[in-house]
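Biologist: I am new to this structure and would like to learn how to read it. Could we go through it one feature at a time?

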Amino acid sequence: MLGTLRRFGVSSVLRASAPRTLSTRWASQLPKVQALSASSVLTRSLHSSFPKFSAAVAQESTETEPSQKIEKFAELGEQGFIDSTIIKNITHPSRMNLETMTEVQSMTLREIVKGDDVLAQAKTGTGKTLAFLLPTLQNILNDPGVDVSKVGRYSRTAPSEIRALIISPTRELAEQIAVEAKKVAFGTGLIVQTAVGGTQKRSGLMKIQREGCHLLIGTPGRLKDILSDPWTGVSAPKLNTLILDEADRLLDQGFAPDIKEIQGFLPDPSKIDRQTLMFSATVPREVMSLVRQTLKPGFQFVQTVREDEVPTHHRVPQKVVWMRGLENGMPAVLEIVKNYQARRANGEDLRPFKAIVYYNSTAETKCAADAFNNLRRSYDVGTTPLGELKMLEINSRLTQADRTRSAESFRRSPSGILFSSDVTARGMDFPDVTHVIQVGVPRDTETYIHRLGRTARAGKEGEGWLLVHKGEDVCFRSRLGRIPIKEDTASLPAAWADMSQQATDSSATSETVSQMKAAMAAVGPTHKIKSYMGQLGTIIGNFSSKRFAIEVLNKQFVDGFGMESPPQIAPRVAQQMGLGKIPGVNIGTGSRRMMEENDSSSSGGFSRGGFSRGSDHGFSRGGDRGSFSRGGDRGFPRGDRGGFSRGGDRGDRRGGFSYGERRGDRGDRGDRGSSRGPRRALEGLDF
DNA sequence: AAAAAAC
């Protein structure tokens, strides 16, 4: 277990009398406040798992000015505290061109150089990456065992010289961190390498073997792969620093086992003392016990987010718009674009429109990207406000090459729209994003916060939009009730248009709706079916009843996608989801066949409503991998899908009687009478 | 049937 790896750290004295059972291991320690340094900033040494601990330290003055001393990078060099080459890389105008440290950077620097374990929470876009890279690279330089000298132009570093490992939840984020690390390390002789999935394993390994490695950055799967394989020659016998970026994500259900396994491949911390660093903008209370088990007792908890504050930016106006139907989502997005472009054309001093549109499933991103591409083609490219916008798409079902291309293209582009799944939700730094638009209630509070954080970075402005079906208002309130989101009932009439009717007037909104309808009609039927099924999986519990949810999805399929009738759901799937007796559910196996036929005759055959055919590359191929459970349930007895449901949210348990019941929202509901307390803490403070 | 992440 994670905890055992940490038990022999610095505080082994404290550990000696601790009970060995997991549940009580840390509970015997007393709370202790170590530092409370600024009105808006907290640093604490955590020893406690006692609830209500935060009350003891909540003595900061309520309002304002960050009394934290402003620190310059240059001073760190003058003091001889940080290597002069590193400082030059950071400060030189032709390089990173940074002058002053951000709060999180200056609050964690000395702790990390000292060797303490640190959990740091700071808002999105405030320089967390540099906060852990700078001291970590300095620590490697300080290590007397590290030789950065060269023979000619060749490094003498071996692949077994890895001193620090950084784990990231996504490939693109790992690459982004590596780019920044190489900038900081330039000219120091320190070697930075990456290990992520979707790339040639062999060539990556050869590069590490040839050049050596001090700092390795990667994603869980590939790291596990190469560290567990003795043939790779890549090992980390001298590793003394482990960094979890987006730590709460890496410690949640999906990733924790991988992280645990990776820790098992690292040197025994009782033999080689290891520093562990965790960074994130969100630290929900659910992960705190895992944090405590993974960090040394007495670790520093640095927060630059005030206790009573939700970790979103006050700079970002956030709006929620209620939609009449799910089919109104795309017209509403189009209306946001048009409204903004009209204001720009009117002479308002606005930056070029650069937006990320988030969906909860990959298939939705595909449908939206295809539809907007259809629409864009119908404009005269480059001459109209919409035609000049680049339409891009990114999700995990694309090939890695396409993912990289989209991300790079969006990063470089001054304007455009990126239709994205949650691959880009965390950590990604696309410069100058003006809008973050989220369609549908995000799966949890943290997801909302991180997506929103793709805008208003590094002191810039931005705006946040959330488009939600009116029937999801209860779900919205329970999941996002504490976030300062304002209702906007005026800006987007397209969100409330009745799309079952052909518009008779000639208003701008009617035009927007009919344009979008035509563009959606031309999207391939396979994508529409997958979108329906994808949404089925994510939103059914958001509505007050399954019947209601099905009705809403069917309406989108017909009135929005322009399809004849709702897609067929396989009987077994329907039963699994407790949809067997729900009115409106179209039970049958026709959808699969339809998609397979459509996929195999790849160049169409379906009418595409006057638009040129959208490119199908990548998606349909990848789509076969996991969706629609082809062979996915082989080996499981019927009705037991091996941990498919998280427990408690399957409606079919009670013989299909599920009408009116609602899913538990992963415990963040507050009306369940559970012993977990009223709700999870956004700030991670009131644990 | 629903993000992500290894071949």
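Biologist: What volume does the second largest pocket have?

Modeller: On a 1 Å grid over the protein atoms alone, a pocket is an open set of points with protein on both sides within 12 Å along at least five of seven lines, while a cavity is a set of points where a 1.4 Å probe fits but cannot get out; lining residues have an atom within 4 Å of a point. Grid points are joined across faces, edges and corners, and a volume is the space filled by probe spheres set on the points. Here the second largest pocket has a volume of about 1100 Å³. It is lined by 48 residues, and those closest to its centre are Thr129, Gln176, Glu180, Asp429 and Arg457.

Biologist: What should I know about the model and its numbering before going on?

Modeller: This is a predicted model, in which local features need pLDDT of at least 70 and side-chain atom pairs count only at pLDDT 80 or more, whereas totals for chains, interfaces and linings use all residues. Residues are numbered from 1 along each chain as its sequence is written, chains are lettered from A and ligands numbered from 1 in the order in which they are written, and side-chain values use heavy atoms, with hydrogens and water left out.

Biologist: Which element gives the largest share of the lining of the second largest pocket?

Modeller: Helices (H or I, at least four residues) and strands (E, at least two) are DSSP runs, numbered from the N terminus. The largest share of that pocket's lining, 7 residues, comes from α8. Helices α7 (128–142), α8 (171–185) and α16 (400–412) each supply at least two lining residues.

Biologist: How does the lining of the second largest pocket divide by class?

Modeller: Ala, Val, Leu, Ile, Met, Phe, Trp, Tyr, Cys and Pro count as nonpolar, Asp, Glu, Lys and Arg as charged, and the others, Gly among them, as polar. The lining of the second largest pocket has 15 nonpolar, 16 polar and 17 charged residues.

Biologist: How many cavities of 30 Å³ or more are there?

Modeller: The count is 5. The largest cavity has a volume of about 200 Å³. Among its 20 lining residues, Tyr359, Glu364, Val439, Gln535 and Gln556 are the closest to its centre. Two or more lining residues come from each of α14 (329–345), α15 and α20 (525–539), and α20 gives the largest share, 4 residues. By class, this lining has 10 nonpolar, 7 polar and 3 charged residues.

Biologist: Is helix α15 largely enclosed or open?

Modeller: Buried means under 20% relative accessible area, exposed over 50%, and partly exposed in between (1.4 Å probe, protein chains only). In α15, 14 of the 17 residues are buried, so the helix is largely enclosed by the rest of the structure.

Biologist: How many salt bridges does the structure hold?

Modeller: A salt bridge is a side-chain nitrogen of Lys or Arg within 4 Å of a carboxyl oxygen of Asp or Glu. The structure holds 33 of them. One of them joins aspartate 273 and lysine 296, with N and O 3.1 Å apart. Aspartate 273 lies in the loop between α12 (256–265) and β10 (275–280), and lysine 296 in the loop between α13 (285–294) and β11 (300–303), so the pair ties together parts that are 23 residues apart in sequence. Aspartate 273 is partly exposed at 42%, whereas lysine 296 is buried at 4%. Salt bridges also link Asp143, Glu161, Arg163 and Lys238 in a network.

Biologist: What is the phi of alanine 456?

Modeller: Most residues other than glycine have a negative phi. The phi of alanine 456 is positive, near 55 degrees. Alanine 458 also has a positive phi, of about 50 degrees. Alanine 456 is in the loop between α17 (445–452) and β17 (463–469), and alanine 458 is found in the loop between α17 and β17. Alanine 456 is buried at 2%, but alanine 458 is exposed at 67%.
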